[in-house]
Amino acid sequence: MSKSNNTHLNTIVSDHIAPEILLIEDQHSLAHMTAAMLYERWDFAVTIATTKQQAQDIIRKKPGVFFLAVSDLNLPDAPHGEIIDVLTAAKLPFIALTGMFNEQMRNDIMSRGAIDYVLKDTINAYEYIVELVGRLHKNTLTKVLVIDDSASVRAMLQEMLRIQFIQVVTAENGREGITKLWQQPDIKLVLVDHEMPVMDGFTFLSTVRRKLSKVQLAVIGISGSENKQLSAQFLKMGANDFIAKPFSYEELACRVRQNLEMQEGIEAVRYIAFHDYLTGLLNRRAFFEQGAVLFNQNIKHANPLAVAVIDIDFFKKINDAYGHDAGDITLKHFAAILVEHFGANLVARIGGEEFAVLIDETTNVEARFEALRLHVASAIVDFNNMQIAYTISIGLTQQSQSGLNAMLKLADTNLYTAKNSGRNQLVAV
Ligand SMILES: Nc1nc2c(ncn2[C@@H]2O[C@H](COP(=O)(O)OP(=O)(O)OP(=O)(O)O)[C@@H](O)[C@H]2O)c(=O)[nH]1
């Protein structure tokens with residue numbers, strides 16, 4: 001089923017395991033548009049209900065199925081937000097859609113456990129909902145550390161983050177925070193108070209920044225102090241952001257969301273910078289950067305190293321005979337075999353049809369590369385009813401040199417010999 005053709009369906013089912021969303025909205029066109037956007041953007045399956053009664057029936061028939069609900073508060077059979085009672089009774093977290101906004105309404109919606117409220121009339125309302133639902137789903141795998149000496153503040157922050165589906169770890173002071181952080185390296189963000197016994201927020205921050213950069217760990221300072229310089233001091237010491245007490249739930253949620261998104265954006269850019277887009281292997285730049293570190297570590301301890309350069313034979317002919325797409329599939333096919341054999345080592349695509357491997361051990365290395373060559377020679381790429389056979393040539397060296405470049409040069413010379421001696425062979429001198 002194509003994504004663009006399915007907006008007429010009440011239930012959009014994706015091929016992937018993705019959470020299901022209950023969308024309660026009586027305006028059909030809006031409901032179907034939002035459902036299609038959620039599916040296009042995140043592959044989320046969406047079930048639409050247009051009345052309170054229908055929503056009740058669906059929840060009864062599918063208990064525990066929905067990740068959350070997005071609900072209009074003004075429905076034909078429930079014009080005054082009565083749907084919230086249905087959702088809270090079913091313990092279904094929800095985002096409220098409202099046609100109008102005032103402070104009292106906001107307080108009422110939020111006090112009844114809404115994750116967020118969205119004013120329907122604004123231009124970006126539906127984009128906001130789609131991004132928010134995606135963020136909340138990512139939050140289920142996101143861990144945040146809360147450090148505050150006040151038990152009530154810890155409990156309040158924990159509850160605010162829990163509503164956002166975030167996993168929360170707590171600590172009573174900076175020192176306990178450091179211990180938890182080193183124990184749980186999957187913590188992505190820290191909310192840290194300033195004044196605390198044992199270790200304060202500044203000392204925590206300077207200790208953390210000796211090991212982890214702003215990109216590796218986001219830290220948001222929190223303080224209720226009258227001192228207006230505190231926010232600047234936190235930021236200068238390496239905090240990503242600062243929140244002054246008292247703050248609203250919305251401010252905390254927005255700042256946490258923004259910082260997590262910034263980190264994820266940087267991570268994505270870093271991934272692109274260091275990986276080959278086609279095969280997903282490390283690229284040339286990453287191979288030289290990571291390879292140099294590995295090389296220096298091993299040379300220091302006099303550990304033997306091996307470097308191989310591998311090239312697909314007559315690759316141009318594959319492109320010419322079967323087309324460029326078939327060439328791409330062949331490159332991916334080979335990359336997968338390479339990972340199967342050498343996934344635990346440093347493996348990269350360093351050129352068009354050229355790959356490199358750096359291994360920090362030398363036991364059976366020649367036999368392992370010979371096994372790789374034989375595997376490729378006996379494999380067939382099946383693409384669009386075409387069967388493509390191909391071979392590889394390998395230049396290998398186990399002679400330690402002054403640097404990684406020198407070892408690669410030797411491996412390359414051996415590859416050249418393999419090519420000139422008829423291809424489909426391993427040369428290791
Ligand atoms: N499909 C596809 N082709 C690529 C890609 N990168 C480089 N190539 C092609 O790879 C081919 C490499 O050709 P050559 O350097 O002549 O090498 P070869 O045909 O493999 O011959 P030998 O190495 O001598 O065995 C060129 O035609 C490039 O256009 C890619 O990402 N995808």
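The model is predicted: local features need pLDDT of at least 70, side-chain atom pairs count only at pLDDT 80 or more, and totals for chains, interfaces and linings use all residues. Residues are numbered from 1 along each chain as its sequence is written.

**Annotated domains**
- An unreviewed UniProt entry places "domain: Response regulatory" at residues 20–135 and 143–260; UniProt positions follow the numbering used here, feature names are shortened, and annotations may be inferred rather than shown by experiment.
- Residues 143–260 are 44% helix and 23% strand, and their end C-alpha atoms lie 10 Å apart.
- Helices (H or I, at least four residues) and strands (E, at least two) are DSSP runs numbered from the N terminus.

**The sheet and its helices**
- Five strands form an open sheet in the order β8-β7-β9-β10-β11, with parallel pairing; two strands pair if DSSP finds at least two bridges between them.
- Strands β8 (167–171) and β11 (241–244) are the edges, each pairing on one side only.
- On average, neighbouring strands of this sheet are turned by 20° against each other, direction ignored; axes are lines fitted to C-alpha atoms, for helices over the stretch in contact, and angles run from 0 to 180 degrees between N-to-C directions.
- Strand β10 (residues 218–223) runs parallel to β11 and is joined to β11 by four bridges.
- Helix α7 (residues 174–183) packs on the sheet, touching β7 (143–147), β8 and β9 (187–193); contact means that C-beta atoms, placed from the backbone, lie within 7 Å.
- Helix α9 (residues 229–236) lies across β10 and β11, at about 155° to β11.

**The annotated aspartates**
- The unreviewed UniProt entry marks Asp 72 and Asp 193 as "modified residue: 4-aspartylphosphate".
- Asp 72 lies in strand β4 (residues 66–72) and counts as buried because it has 22 C-beta neighbours inside 10 Å; buried means 20 or more other C-beta atoms within 10 Å of a residue's own, exposed 12 or fewer, and partly exposed in between, with C-beta atoms placed from the backbone.
- Asp 193 lies in strand β9 and is also buried, with 25 such neighbours inside 10 Å.

**Around the ligand**
- Among the 16 residues around the ligand, Asp 313, Phe 315, Lys 316, Gly 327 and Gly 352 come nearest; a residue is near a molecule if its C-beta atom, placed from the backbone, lies within 6 Å of it.
- Helix α13 gives the most to this shell, with four residues.

Terms used
Two residues are in contact if their C-beta atoms, placed from the backbone, lie within 7 Å.
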